[in-house]
Every structure is written in C-alpha cells, then in structure tokens.
Amino acid sequence: MVDDDPALAEMLGIVLRNEGFEPVFVADGEQALTAFRDHRPDIILLDLMLPGMSGIDVCRAIRAEPSGVPIVMLTAKTDTVDVVLGLESGADDYVVKPFKPKELVARIRAQLRRGRGGETPAERLVIGPPHNQITIDVPAHTVTRNGEEVKLTPLEFDLLIALARKPRQVFTREVLLEQVWGYRHSADTRLVNVHVQRLRAKIEPDPERPEIILTVRGVGYKAGTG
Amino acid sequence: MAAAEATDEPPEPPPAVRALRAFQRELSARAVAGYAVARRTWRRSLQLRMVTITLLASALLVGVFGYLVVSLTTRNLMNAAERAAEEQVISGAETARTSLQTLAPSNSSLLPTQIRSQVLDPLAISPDRGQQGTVALVTPDEIAGAIAVPPPDRDVTEFITPELQAAVRKGISRQIITGELYEGEQVTYLVYGSPVPVDWQGAEVALYYFFPLTFEQETANDIRTIVLATGVMLVLLLAVVTGLVTRLVVRPVRLAARTAQRLSAGLLDQRMTVTGEDDLALLAASFNQMAANLQRQIVRLEEMSRLQRRFTSDVSHELRTPLTTVRMAADLIFNERASYPPEVARSAELLQNELDRFESLLTDLLEISRFDAGFASLDSEPTDLVPVVRQAVDRLSAICARAGCEVKLRLPDQPVIAEVDPRRVDRILRNLVENAAEHGEGRPVEVTLAANDTAAAVTVRDHGIGLRPEERKLVFNRFWRADPSRARQSGGTGLGLSISLEDARLHGGWLEAWGEPNQGSQFRLTLPLRAGDRLADSPLPLVPADANGSGPTRPELTGSGVDR
C-alpha cells in the first residue's frame, strides 16, 4: 500500500486487516520499490500523487521487474488523461477517491482471484491469421507467437483468453469488464481500451494495424482468426 | 412519301448553326463569368474604384474645359480674320471703283486684260495680310464676265453661290466655302463680296475676295491637338497619382487587415511596421498598441485559466484524500451501529447519508468548475446508444422504485451508432431520468430513443407537476429548484441538469426542456451522429404528442439549450 497520507493509510490498514489482509505501508515512491522486493506482495495499492517518485513511475518500475503482481491505482483525478496515463504505465485497475471500503475490497478480491482458478484442464487456444499465429497454453499460462514466448501480466492473459475462447464473437466492452475485471455494472470502458492497447503492443506485429485483436466499430472487440 | 421524308428530317440544325450556338453559349457564359469577376474586383478593390472615379470625373472636367478653350480661340481667330478681310474688301472695292471709272465698257476685246492689269493686279499684289488670296471681279457676261487674279484653274463663278450674289447686291456679304479653286488643293475660303458702284449703264459689278482660311484652320487644329493631348495626359496623370495615393493609403490598411487576421488566428506576436509620423504611422502604432494589449490580456487570462485548472486539480486531490478517510471511518462506524445506543446509531446513519450527498456535491462542483475553466474534453468513440440508454435506466431502477414510478423504454430495433463520449451521455441520461423520477409524482416515466441520418435524440417524459413556460430555461440554472417549499425526495445536488447541459454542448448537441403545469414535462437530448457536425433538427419532437393545448412546435424554445 503506497500512500503519503498517514490518516488514510491508517484507516485503510484498519479496514484491510478487518477483511483479513496483511497490509504493508510505504509513504513514498522510492521506498515502494525496496518494499516490493522485500515483501513480494500479492497486490499493490498505489496512490498516483506521491512525493519523490510519482505513482506512474513506480508503476513502470514494478512492471519492468519479472512479476505480474496486480496493481490497483488509487487516484483523486478522474480526467481521462490521468486515468489513461496510469493504466498505460501498467496498472490493472483503478479506484477513484473517495471510494467506499466495500468497493475497494471488491476490487482487490477481483484482482487476487485471477490465476487462482485451481486446476485447469489442459487447453490450447490458437488465434490470429495463419502467418501470425498466437498459441495460448491456458494451464501453463504461456503465450507464444511464432515459437517465441510473450510475457503477459495475468490480467492481459485473462483478457486474451476471454477473447480467444470464442473467436469471431464480438465482445462489448461491458461484457469484457464483467468477465475480466469482475465488474457487475457501472464501470469505465477506458479500462478495456487501454488494456487492449497494451495487449496489442505485446502480441501484434503492428499495433497500429491489428490482426489478432480486432476493433468492431461501435460495438467492441473480437479475436481475429485465419 | 415526300411528306414522310420531310418529317423524317432530323430536327436538329446543321452543324454550323450548332457550332455558332455553342459559341454563343460559351461567349455568354464567359461574359457572365467575366462580369462576376469584374463585379467582385470592383467591390473588393478600393484602389480600382478610386482610380475609375477619378478617371471619369477628370475626363469630364478636362473635356468641357478643352471644348471651351478650343471653341473660344477658334472664334477669336475667325473674328480677327473677318475683321481684317472686311477692311480689305472695303478699301479694295473703293480702289476698284476708282480704277474702273477710268475704263469704259466700250472696247470689249481689251477690257478683260485692262481690268486684270489695272484693277485686280494692284489689289492682289498688295494684300495687308501675309497670305495669298484670290481676287475676282464679276461683271455681266456681255461686258467682261468674271476675271480672277491669280487666274484659277476653274471658273470662279462656280464658287460664288447665288445666295451670296443676291446678298452682295445689297452690300458687303460673306460666306465660307470649300473647294478646289486651284488644281490639287482643297481649301476652305472665306469669301467676301462687295458691290462696286461703278457707273456702267446700270451693269452690276461685284468684287469678290477669296481668303484661304488655311492659317486659321491650322492654328485651330494645333490648338485642338495641344488641348487634347494635354487633357489626356492630365487625366492619365491624375489617374496614376490617384492610384499611387490610394495605394499609399490602402497598403497599410490591407497590411493591418492581414495582421489582424493573423492575430485572430492566434499568432499573438504579429505587429505592423511603423514608418514616419503621419496618419498611417499612427494607424500602425495604434494597431500595435491594441495588439499588445490584447496579447497581454490573453496571456493573463490563459495564465488565470491555467491556475484555475491547477487549483481545481489540487482542490480535487486535497479534498478527496481526507474525504476517503472520513468515508471509510464512517463506513466502519455505520457497520457497527447495532452495538451503539440508538442516538449514536442514528448519528452514524445520518453521517453516512450526508457523506454520500457531500461526495456527489463535491464531484458535481469539480465537474462544473472543470467546464468553467474550459478544461472539459470529449472522448468521443462510436457507441451504440441503445445499450447506453438501457443501462442508464437499469442502474436507476432502485431510485425509480423508491420514487414509485415505472420507467417505460421505447428503443429502436436497430443499433444507433453515434460518435459520443459514452460516460457523458450516460451521465446526462441518469440526470434526466433521476429528475423525471423525482418530479414524476409516481406516474410512469417514458424514455424514447430515435435517430435519423444526422442526429440521435432521447426524450425523457414525466407526467408530474410539470413546468411553467418561464421555468423551461431556468431548470438548467445551477441549484435551481422548481418549488423551494417542496421537500427534496432524492439527494440531488441541484447541479445535475447544469452539468447535463454542459455535457450536451460539449458534444455540439442540444438539451431542451418542455413543460406545462399539471401536464408533466419532457426533456430532449439531441446529439449529432458524427462528432463535430452541426445539428439542424431533431428526430423527436420536443413537445410530446399527448400534450393538451400545445401547438406542434414552439419557436421560442428551439435551440434553447445551445443559445443560452
């Protein structure tokens, strides 16, 4: 939990401990990286406005390490620029201050549920046009493109699987929000847009002209097939 | 058969005629185009107008003056010539009379020679004027006929008209004739005739002088040429000078116009060059001063707007963080309220509810201030409005259920794809439906979506207490309440409709209200299907069909959402 406001940190501590979490608090961005390496947390709550190193930089630094730890941003800014910038720097989800404790806990649990589905049956998915195929090994959590493994965060992996399991079906942003992020209702479709961009940047040869994850104007996205 | 053949003749004219007609059409088209170009140039160019007007006015003036000068000098010349001629004729007639007295008309064979040598030669040789004239003495044919010196190539009587002869019988008379008295030269003569009162048995003798007017004509021609040349040169010079002067004035004005255009396009550091100290320099200097003041103001406003934005952003953050803490603490206490005494438990509930209100008020205030700072930005994307409307209504089902009203949705079967910011549209719809539920008196609320080729519209109709006509615009005012004495039902902030109006405007759309007392009200949101398009009409009427006593359209309302 990275936040520079001691009162909020203490209050969050009470709430999170009540819910059965073991939070570790860090007050500024530089300590955040050290704490991350020392404690290996299951999830990071990150305030965007921090003294020293901004939340965005912390987010990038953590994403540069070989870890797919979920990052949830706490932000007081709702402007698209700020939200998109935070998501692009690698956060998986964001919660706008002032949030209700239940809302935050729900978001944390949704992120922690990821990758804990227990034993999954062997499943291999193949999408993309013939000259540029993506192979997904679901239980092993690996994605390969032309024989090379592509590193994806768990969230990106879930997003890709959601699309790949039903190729040709068009997913609206709302459906993806529910399936991948666990939102029941009322959420920000910008989450989907930014993560699709991030995913494309990793698996598409040319993210400007996507061949694997296609946009359906006015509706949503679908997986491209051969 | 012949008739049939005749009718079979192609009705179209021969190729030559067709070509001619085509040429005519082409010519008239060119003439029209040329006229249009000329008209535009005339309207646009001050210089052209000034030069043309000067040219016309000075040409008229110079023409009149030139005509006067030429005619006056010519008349004076002629007068002088006539006076001189008359004197000569009088003295010549006297001389001729005395000379003729010595001769008698007896020996007819010698008479013409004698007349020539004794009468006419002295007259011809001694002209007062420097030009050679012809002198002729006309006597009856039976005496000597007409004798002229120097002897002309034609009979001199041919050039003396009967009218002149008749006039000369009474006294000295004159006439101007043109003729070839001598072979090869067409000359204009001033002909003077005088009776010679010689006592020759009643025979009429007349003396005629032919003064060539060559000198006068040449002089008049010279004067005319000089006046004409001077006039034309003067007019041209005037035109050129006018052109130059106008250019001198017009150029700085054009320059100022161009600089003003650049300024208004946002190039705030554009200035005019100031040369000299005349009126035009004053124009340039004043212009520059104005530009500098404008620039200072704009920079100051930009700075203020930046600070305002910064402030909004900071306030937002600074307020939200402690509010989060308070919110969490209140939530904790609220969840534990069962274990407290009733007063404390109720306090916890109040705290919780008021925090909700405080939070939405803060959110709305920050949104409004973002609009005021001009910082709101539109994230348009092609969106199907059908699910947007459905979800907005679904999400409000709890509030509607609490207000006891049912929401009827009328959605088209086809998707309505519009380039909009779905979050803002959702917010507008939520505000409208919430407003309808709050004022709907428990009666059904109808939400209708429709689209045409250019626009999509959503109407939200309630059957509550309605609006008075003068309240239709007030509803969009901040913190405006229809009836201050009425208790609030839902925790609206009073900013919802203002924000919705701003949201609609940001899309280039309209948000309008209709209402009649006790007939309920209807709000209509109209959005262009393509971002940036201008709206011309709405696919749905603002006044609902079931409204009583209302005309189909109310002109004073159209576009109220944009004009305000």
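**View 1. Overall content and confidence of chain B.** The secondary structure of chain B comprises 13 helices and twelve strands. Among the contacts of chain B with a separation of 6 or more, 68% are between residues 24 or more positions apart. The pLDDT of chain B averages 82, and 90% of the residues score at least 70. Residues 1-10 of chain B have a pLDDT below 50, and this stretch makes zero contacts in the model beyond near neighbours in sequence. Residues 550-564 of chain B also stay under 50 in pLDDT, although the model gives them 21 contacts beyond four places in sequence. Where pLDDT is low, predicted coordinates should not be read in detail.

**View 2. The contact between chain A and chain B.** For the complex as a whole, the predictor gives an ipTM of 0.77 and a pTM of 0.57. Chain B contributes 24 residues to the contact and chain A contributes 22 residues. On the side of chain B that touches chain A, the elements giving two or more residues are helix H7 (279-335) and E6 of chain B. The largest share of that side, 14 residues, is supplied by H7(B). By residue class, the side of chain B that touches chain A divides into nine nonpolar, eight polar and seven charged residues.

**View 3. Helix H9 of chain B and its surroundings.** Within helix H9 (residues 385-395) of chain B, the buried residues are B:Leu385, B:Val388, B:Val389, B:Ala392 and B:Val393. Viewed down the axis of H9(B), these buried residues fall within an arc of 125°, so they line one face of the helix. The elements of chain B against which the buried residues of H9(B) pack include strand E6 (381-384), strand E7 (407-410) and strand E8 (417-420). Helix H11 (422-439), strand E9 (445-451) and strand E10 (455-462) of chain B are also among the packing partners of these buried residues of H9(B).

**View 4. B:Leu228 in helix H6 of chain B.** B:Leu228 belongs to helix H6 (residues 214-264) of chain B. Because 14 other C-beta atoms lie within 10 Å of its own, B:Leu228 counts as partly exposed, a class that falls between the limit of 12 or fewer for exposed residues and that of 20 or more for buried ones. Although B:Leu228 and B:Tyr67 are 161 residues apart in sequence, they are 9.1 Å apart in space, C-alpha to C-alpha.

View 5. Strand E11 (residues 510-516) of chain B is mostly covered, with six of its seven residues buried. E11(B) pairs with strand E12 (residues 520-528) of chain B in the antiparallel sense, over seven bridges, and B:Glu512 has B:Arg524 of E12(B) as its bridge partner. Three residues lie between the two strands of this hairpin, where B:Asn518 takes a positive phi near 65°.

**View 6. The parallel sheet of chain A.** Three strands of chain A form an open sheet in the order E1-E2-E3, with parallel pairing. Strand E1 (44-47) and strand E3 (93-96) of chain A are the edge strands, each pairing on one side only, and the twist averages 25° from one strand to the next. Four bridges join E1(A) to strand E2 (residues 71-75) of chain A, the two running parallel; A:Leu46 has A:Met73 of E2(A) as its bridge partner. Helix H5 (residues 101-113) of chain A lies across E2 and E3 of chain A, and runs at about 175° to E3(A).

View 7. Strand E9 (residues 213-216) of chain A pairs with E10(A) in the antiparallel sense over four bridges, and A:Leu214 stands opposite A:Lys222 in E10(A). The hairpin of E9(A) and E10(A) has three residues between the strands, and A:Gly218 takes a positive phi near 80° in this hairpin. Strand E8 (residues 171-172) of chain A is joined by two bridges to strand E10 (residues 220-223) of chain A, and these strands run antiparallel. In this pairing, A:Thr172 has A:Gly220 of E10(A) as its bridge partner.

Technical notes: Residues are numbered from 1 along each chain as its sequence is written. Chains are lettered from A and ligands numbered from 1 in the order in which they are written. This is a predicted model: local features need pLDDT of at least 70, side-chain atom pairs count only at pLDDT 80 or more; totals for chains, interfaces and linings use all residues. Two strands pair if DSSP finds at least two bridges between them. The arc is that of the directions from the helix axis to the C-beta atoms. Two residues are in contact if their C-beta atoms, placed from the backbone, lie within 7 Å. Ala, Val, Leu, Ile, Met, Phe, Trp, Tyr, Cys and Pro count as nonpolar, Asp, Glu, Lys and Arg as charged, and the others, Gly among them, as polar. Axes are lines fitted to C-alpha atoms, for helices over the stretch in contact, and angles run from 0 to 180 degrees between N-to-C directions. pLDDT is the predictor's confidence in each residue, from 0 to 100.
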